[in-house]
Amino acid sequence: MFRWVPYPFLRFTPFLMLGIGQATYVNSTGATIVLVVVFLSYTGCVFLLPKAAFSRYHPWVAGMASVVIILLGILRTHQQDESRSSDHLMHHTDSADYYIAQVMSQPEPKKNSFRVLLEVEQMVVSGTQTFPRSGQIVVYQPKSDSCQLLQFGDKILVKGLPGEIKPPNNPAEFDYRQFMAYQGIYHQQYLPADRWKVIQAGVVPAWQGWAGRWRSRCREILLRYVQDKQAQGITLAITLGLKSHLEKEVQTAYAAAGAMHVLAVSGLHVGIIYLIVNFLFKPLLSLPKGGVLLHTVLCLQVLWLYAALTGFSPSVQRAAVMFSFVIVGSALNRQSSIYNTLACSAFALLWINPYLMYSVGFQLSYLAVFGIVYLQPKIVAWLEPPNKLLAWAWGLTAVSIAAQIATFPLSLYYFHQFPVYFWISNIVVIPGALVMLPLGLVTLVTGFTIPALAEWVGLLLEKFILAINFLVALVQQLPGSTIENIFISASQTWLLYFAIVALAALFYYRKLRYLSLAVVSLFLIATVQTVRYYQQSKERSLTVYQVKNETYLDFTEGFNNLLWGERTATADYHIRPNHIRKGVHTQFMVDSSANNSVARRASDGVTLFQYHEKVIALVDQKLGKKPKQPVSVNYVVVAKNAVRDLNQLDRYFQYEQLIIDGSNSYYTTRKLTKQAEQKHINCHAVSLQGALIINLNQDKQNFSKMVKTEIE
């Protein structure tokens, strides 16, 4: 029988998480009232009921305690949400000319810009009037301004107002607005050098920004002594947590091999640091007085210094907190359960920042550690290798299998792929990380102290990384190395975890009822998937996507999908998630010569598509010779500013709906939208309203005549 008494935080943490999840639906006033009622009820039971009678009510006491933790989770989440403040930018639409803000981060290099975080203090209206405001803004400075970048701690005056981060415009697209909202950021702004000036330097104490400056200096050292581009990217990623220099091919190879976790500084890297410092400082434990305290303090200092070196990234903070609990627990000589220690660290992190619960890294890291702690010893026991080398390899494989079992449902949900040969690649990359991270740190230390030695260490690190890359590429090239385009819903993810827990209980308790629960869960997963596939097989739809400066049209019939548009990284980001969700096979029309379900013709700036009983006219060039009479079509898609006046269209087409796609300028879109409103034309501007999805199955109109007329 499992006893909960030794594991208090295994009880507390899930209820705190439940409260955080319910914070969106419960207001602070209601939560406070219920909390007071529960507290008074508990106090009444203590003082009014006899002690012997009260002991029989312990289930009620546990229930009230659980409710209290849920309510505290709700209130703590509301407290953390700065957007609830009355002076937050979210609640004000002042027509301000300027705003005053503090620079709260060092410029972070991105592909085409530098990213900086500002903290707003005041809005300036009419040049003199100021109003206190709060909120964070993420601003992007162009690469051309690299000599005039914002500096941490400065107070600046910014011309213009930031814009709210927009929600996704396409179905199933990544919700960047929600992602930033969990970090307390709701606004963004493009900020060239001519739109800001420093009004007070060094307002924030310099010591508060030392971690960012130190990280930038370390980045320069590593780039100096590691020359190869691929090796530079991996060195910065594995040592400092900087991914801006990672090449796309490297990321793809590591992801396909199931080794991407090595390139994200997280629990693995902090664990390596912990093993190193614990080994180095272990002799201190033998000191008669103060040895344990000194060992603990030094281990914690090195651990948090490394966290500072990585810029206190959220993943490193989580791992540092986790190992700090382990170190302190070991120093106190407490025989606490590792499960309770992990749950306690999660409780502490969520109390500090409740929105960490929505972080993919937080979810995956804790699931991986719980999986390794529980499953790895049991998996290792399956085999007894005949020698130490095979035993070591089997131990690493067991760690990989355990972590994969614990995380693969969530990985499928978020990343839609499964690396088949993860167990092979991890035998290479985990020992590789044990070498690469120390070599990276040695390169840093010698780069500051002994530059001549740093050149040799950097060269050794570079060659070692290239060797690891070669092995990872071999794994990627194995047949069927990655199963891609997997889609499971949130409900299926929960059911999959329920099945995993039921199977674990089956092996632990040896009772068939747990097998029944697992089978039922898997059956429900299959049922949901079957229903989804059936619904998709019946779909007949036309989708016009919102992609800035580009035109993309989807013609979907069941699991076959024809896409009009170029095959680019932009298309992958905005459109591919919807294709994965549907489970369709996509064919790019511009690359295909056989499009049986969609007939198309092009003439004088117009491309006509005939799809079932619908005719779509795409106007993406200046219209040519006017036809003898307007051509009857169902939809006109205006693209690339080809039409600037709707009166011009009336001479070419008779149409039911006007669609203005994302390749048009903001000015053209607004002008055509206003004209359509005045002329009472059914109009949809995708840049303003999001992608347009036309379900042809729901359109019951009968078109007896198909349009086959070309524009002459």
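This is a predicted model: local features need pLDDT of at least 70, side-chain atom pairs count only at pLDDT 80 or more; totals for chains, interfaces and linings use all residues.
1. **Helix 1.** This helix covers residues 8-22, 15 residues in total. From first C-alpha to last, helix 1 reaches 22 Å. That is close to the 21 Å expected at 1.5 Å a residue.

2. **The buried face of helix 1.** Which residues of helix 1 are buried? They are Thr13, Leu16, Gly19 and Ile20. Viewed down the helix axis, the buried residues fall within an arc of 120 degrees, so they line one face of helix 1.

3. **Gln136 in strand 5.** Gln136 lies in strand 5, which spans residues 136-142. Is Gln136 buried or exposed? Its relative accessibility is 16%, and buried means under 20%, so Gln136 counts as buried.

4. **Surroundings of Gln136.** The side chains of Gln136 and Glu119 are joined by a polar contact of 3.4 Å.

5. Strand 13 runs over residues 553-557. Four of its five residues are buried, so strand 13 is largely enclosed by the rest of the structure.

6. **Pairing on strand 12.** Strand 12 (residues 540-544) and strand 13 run antiparallel, joined by five bridges. Within this pairing, Val544 has Leu553 of strand 13 as its bridge partner.

7. **Pairing on strand 14.** Strand 13 also runs antiparallel to strand 14 (residues 560-564), again with five bridges. Here Thr556 is bridged to Asn561 of strand 14. Two residues sit between the strands of this hairpin. Gly558 in the hairpin takes a positive phi near 65 degrees.

8. **Leu396 in helix 14.** Helix 14 spans residues 388-415 and holds Leu396. What makes Leu396 count as buried? Its relative accessibility is 14%, and the cut-off for buried is under 20%, so Leu396 qualifies.

9. **Surroundings of Leu396.** Neighbours within four places in sequence aside, Leu396 is in contact with Ile427, Ile430 and Pro431. Val380 is 16 residues from Leu396 along the chain. The C-alpha atoms of Leu396 and Val380 are separated by 9.3 Å.

How values were computed:
Residues are numbered from 1 along each chain as its sequence is written. Side-chain values use heavy atoms; hydrogens and water are left out. Buried means under 20% relative accessible area, exposed over 50%, partly exposed in between (1.4 Å probe, protein chains only). A polar contact is a pair of N or O atoms within 3.5 Å; within protein, one must be able to donate a hydrogen and the other to accept it, and residues adjacent in sequence count only if both atoms are side-chain atoms. Two strands pair if DSSP finds at least two bridges between them. Contact means heavy atoms within 4.5 Å. The expected span of a helix is 1.5 Å times one less than its number of residues. The arc is that of the directions from the helix axis to the C-beta atoms.
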